[in-house]
Protein chains: 2
Amino acid sequence: MANDTKQLLLEQGMAMLLRQGYHDLGVAQLLEATSIPKGSFYHHFKSKEDFGLQVIDRYMEEVHGGLDHCLGDQTLPPLQRVRRFFEMTEEKYRGEGYLGCLLGGLGQELSGISEAFRKKVEWCFSEIARRIACCLDEAIERGELSANTDTHTMAQLLINCWEGAALRTRLQRDPAPLRQMLDFYFRSTSA
Amino acid sequence: MANDTKQLLLEQGMAMLLRQGYHDLGVAQLLEATSIPKGSFYHHFKSKEDFGLQVIDRYMEEVHGGLDHCLGDQTLPPLQRVRRFFEMTEEKYRGEGYLGCLLGGLGQELSGISEAFRKKVEWCFSEIARRIACCLDEAIERGELSANTDTHTMAQLLINCWEGAALRTRLQRDPAPLRQMLDFYFRSTSA
């Protein structure tokens, strides 16, 4: 029951942080939206910052789930698995009204003023890149990428370009920037 | 004199908004940093939102100055002019401690809750893309790009990928993501 309350706060907070950002979202507004009393919030979270950081952990659980599902799909060639992960992410964005990526949003808003959020978001991107780089290594083994490809750099580059496209999608409420970016990247990297 | 005051507020506000974002910056803090009285602020700006939007206009004056300087340099081939603009932007970021791009920062933070900022930031990116696309058209004429290149899309793509790299630079306080992105883009687009 206590765990249900915590999950509800994290889920609702994830949606509200994506739309509003960190500073615009008050704890009172979150409590009103979830009908959860204040004492319960502070039972589960030390502070608003602690809450925000745990929302990112919850978000990353979903990201890792998506990576497990796509990158582990041995029926597809490695590059297609990577592309599939980003296409699935685009589908998620569509369901949310094309608001972009929570990591990019909180990273932009908070990394100039909070070392805790700066390090957390950077760590998340590094983790995603590490998993994608492993799949790119497999693409080299299968001859999909040339053997001298720096897979670490190419994985980071893919995530960074995606984040820029996600920002533009948020501004336009349109998926076109995401698709253009994926088309360009995979056209340019294939051996 | 009145104009000096306004310019000082815009300049100081630009630096503070880049680091802190919009919600974290209070008007009182800006006035303290500039030793300007409150009445003077509200003489020049209707509201904090009006101030933020005018800071973006001020920022765009600099961007257009940089575009004039780089894209108008007829001693360089068109693609090198475009690259030079982004390299100059990187130099600007270095001077600021690699905090990334104000447009990306405000766009992420505010576009979920403010139509005024969402439209303003999107318009800024479109303007930059329009100017870069003209230079890419010239690159086609000179045979630097293949004739079937969609220069509008390629200009938008460049800006979007740059913005993602700028976010990562802000997270890492390091210019490497910017350089990797430019190397990849120009290696992939050249005819």
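Chain B of this predicted model can be laid on chain A by a turn of 180° and a shift of 0.0 Å along the axis, with an RMSD of 0.0 Å. Copies are superposed by least squares on the C-alpha atoms of residues with pLDDT of at least 70 in both. The relation is therefore that of a two-fold axis. Of the interface residues of chain B, 100% are also interface residues in chain A, so the copies meet through the same surface.

The contact (C-beta atoms, placed from the backbone, within 7 Å) takes 37 residues from chain A and 37 residues from chain B. On the chain B side, α1 (2-20), α6 (102-110), α7 (115-141), α8 (151-172) and α9 (176-189) each supply at least two residues. Helices are DSSP runs of H or I, at least four residues long, numbered from the N terminus. The largest share, 14 residues, comes from α8(B). By type, this side of chain B has 13 nonpolar, 16 polar and eight charged residues. Here Ala, Val, Leu, Ile, Met, Phe, Trp, Tyr, Cys and Pro count as nonpolar, Asp, Glu, Lys and Arg as charged, and the others, Gly among them, as polar.

Within chain B, α1(B) also packs against another helix, α2 (residues 27-34). Their axes, lines fitted to C-alpha atoms over the stretch in contact, with angles from 0 to 180 degrees between N-to-C directions, come within 10 Å and cross at roughly 120°. B:Leu8, B:Leu9, B:Gln12, B:Gly13 and B:Met16 of α1(B) meet B:Leu30, B:Ala33 and B:Thr34 of α2(B). Five of these residues are nonpolar, three polar and none charged.

Residues are numbered from 1 along each chain as its sequence is written, and chains are lettered from A, with ligands numbered from 1, in the order in which they are written. In this predicted model local features need pLDDT of at least 70 and side-chain atom pairs count only at pLDDT 80 or more, while totals for chains, interfaces and linings use all residues.

Conventions. Contact = placed C-beta atoms within 7 Å.
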